Amino acid sequence: MTLSTVNGSVQNDPAAPCAGLSVVELAVGVSDLGLGLAGGVPGMILADLGADVVRVVGTRPPPLDRDVPWGRAWHRDKRVIATDDRDRIRALLADADVALVYGPENLVEARGLGYRDLSDSNPSLVYARCRPSRTAKGTVEDYGLLVEANAGFCTQLQGHRPGPIFPDVRASGMGTASLLTVSVFALLRRRELTWAGGWAETSLHDGMLGTLGCMIGRSERAAPEIEAYWEKGSTFPNFMYRCADDELIQVWFGGKGMYASLIEVLGDEPSEDGYYTDQMTGKLGERAARWASFFRTRPRDEWIRLLREARVACEPVFGPGEALADPHLAETGLAVPRSEEGHRDVVVGTPISVLPLSAVPRTGDRAPAPAAERTGDLLAGLRVVDFSAFVAGPLAAEILADLGADVIKVEPPGGEAMRAAAYAVAACQRGKRSLALDIGAPEARPVVDRLLASADVVLHNFRVGVSERLGIDEETVARLNPNAVYCHASAFGTGGRRAKSPANDALMQAVTGYERAVGGEGNEPLAATWIPIDMAGGWIAAAGLLAGLYARAAAGQGRRVATSLLGAGMLMQSGVFERDGAIVRGPELDGRQTGYGPGYRIYEGGDGEWFALVVPDEEAWRRLASLPETASLPAVYAPLRGGAHDADARAAEAVLEAAFATAPAAGWADRLRGLGLPAEVIEPLDRDGFRRAVLDDPVNRRLGRVVAYETADWGRFEQLGPLVRYGPAAGGGPRLMLPGIGEHTVEILTEVGVPRDEIDALLAAKVARQLDGAPLSTE
């Protein structure tokens, strides 16, 4: 099935960054429900950016997907071929530029469809493989629920009842989609420079970890409040309130002056000490609790008007897909009208824009690659100037550093704002060099110009309009360096009616439907505390930057890249779409937060422990019904609620819940696996237990998912490592260090040609800062 746009496809645009690329998406033995975003979004992004994408599936559609409509959005503009013919599949792959490959080894490598089998006849092939997940516990099939249950992730979000919950947070699918997309663009760029293809591999387990960088870390001697965050998590209030019309509003007031403005609008007593002091003393928590009665006095739309007039950030708490009706999304290309078989659809657009840099004239064809780019790390020899702050922008730059780029972190002499949040520094600044510089000072202007002129990539995530004031805007970069890739990772996009609105992770969880999806049917919404949309925004910005670098390598011209937090958040719900004015959501979480139906959910055993179960097809359903305890299971295969057999699905859940309550969870998991049904016991892990399970897993350490290195302030530090695995000819790996504020200031200024006397003058005037004493960390 292929969807077509109303006004034609971007595939017809020869200027699209992926125009001319042939992509084969091979999905064998896997399902849209099981893989989630991982199985459709990378190919969707490539198609939306101009590639010709062929999706190859088996002749028997996965029965589990029968009532799952998400693929209608994810597989738009793909030509779908249903075949089990190995030779036909090999012929398609022999002519492909890119292969996105999913499925178990017995259906891929054992049939001669692995990278080694294909690279001899197609040495320029870029091959990105999603493998089944492996940890020290063993191998888990490609179902996001099973991967997250096996890892203990189901215990990491407090639900509306005791015990683990089905974590409807898109963690494994979104992370894996990001890893695959980043890998493809990085390998495509290297291919343009070396004419050689390559491979990358990942898994749903890697993808889950890719969203958790701000959640998992362990230090030898960090301050108690730092270690406590990784051990116990955030205790910060969520600031979500129900209004007089019973609608919910999410509020954020971390920007300058917002706290005082919010207090004034609400009519609360003024703060004598300010936001940060109130936060540390507990007064903020007291205010947060009493504000619930304040918000009950007016309807939501009135509160939104009053708060936005006072420049306090707030957003409505929507359900998945509701934001597609917002005109701003249409203005920014995030809500795309389409037609299919007479229906009028609106789907989520790809949140990556890659265009020529300020329409500057082309500067010539691709130059021969420097020696550093011909071998070794994918981005060796590239310089990235990172002006961004907080999480999404810095994470994007860190991903480029992980791939071998030299990333210069430009921050104020006092350090960027998130230095106070050690988890964000740990998750988003590894491998960079720090230049502490007041870029707004007149004395810094020549230095900023030198940095811009020397960069391959310039990145920032300032609010729209700020980069022009600071002189790091697109026009300035294009004038000084027309071959640069310039990226603005914004909040709401660089255009449209809401371009200048402030935002953070919590606001985006609210407006994109994330919080309602996680909360479950009929429940209060729930917010994830590990800033998942900030993390997704970082991965999407990295993918956009790499798409821009690929386009530059292919056409010899600078590129302007735009991504947004809003786009990343919408992408996480991109299986949801509008059809003829109604929202098509597909499977939704139930009120007890157990899952989507009897064949894809978690169950409680008689001992109070839990396990996850997937019933993938009719034969598995029959085997399940063969047990004495489940003999009354409805005869019709009904794994999910909400479809044509909703009543049978609900009846089946009641049967299975009663049956599984008769014996311990681990015993049931063993019996079910003995019948060939995928099942995973959920180990009851608190936050500390979960991070230890990840950090201490020997397979995670061997694969580089976990790294450890020495830091001056924290001693030995462990965290999630670079998650992109690729080859051949990988280099020595990324630099494992966390930069201190201004640790490399003199070094960098010298490199860009600032004379020593001018450096001394900048330091004396405190426009620049060089770290005193020992560095924060060593390699």
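The legends below describe close-up views of a predicted model.

**View A. The largest nonpolar core and its most connected members.** This core holds 188 residues, and those that touch the most other members are Ile 249, Val 251, Phe 253, Trp 291, Phe 295 and Tyr 600. Helix α23, spanning residues 532–555, contributes the most, with 14 residues. The core lies between domain 1 (254–311) and domain 2 (598–682), because both give residues to it.

**View B. Surroundings of Phe 295.** Leaving aside residues up to four places away in sequence, Phe 295 touches Tyr 241, Arg 242, Cys 243, Ala 244, Ile 249, Val 251, Leu 262, Leu 266, Trp 303 and Leu 307. Among these contacts, Ile 249 and Val 251 are also listed with Phe 295 as residues that touch the most other members of the largest nonpolar core.

**View C. Strand β19 and its burial.** Strand β19 covers residues 433–437, and five of its five residues are buried. Arg 433, Leu 435 and Leu 437 point one way from the strand, while Ser 434 and Ala 436 point the other way. Both sets are buried, Arg 433 included.

**View D. Strand partners of β19.** Strand β18 (residues 406–411) pairs with β19 in the parallel sense over four bridges. Within this pairing, Glu 411 has Ala 436 of β19 as its bridge partner. Together with helix α17 (residues 422–428), β18 and β19 form a right-handed β-α-β unit. Strand β32 (residues 768–769) runs antiparallel to β19 and is joined to it by two bridges. Here the bridge partner of Ala 436 is Arg 769.

Key
Residues are numbered from 1 along each chain as its sequence is written. This is a predicted model: local features need pLDDT of at least 70, side-chain atom pairs count only at pLDDT 80 or more; totals for chains, interfaces and linings use all residues. Side-chain values use heavy atoms; hydrogens and water are left out. A nonpolar core is a set of buried Ala, Val, Leu, Ile, Met, Phe, Trp, Tyr and Cys residues joined through side-chain atoms within 4.5 Å. Buried means under 20% relative accessible area, exposed over 50%, partly exposed in between (1.4 Å probe, protein chains only). Domain bounds come from an automatic or database domain assignment. Contact means heavy atoms within 4.5 Å. Two strands pair if DSSP finds at least two bridges between them. A crossover is right-handed if, with the strands pointing away from the viewer, the path from the first strand over the helix to the second runs clockwise.
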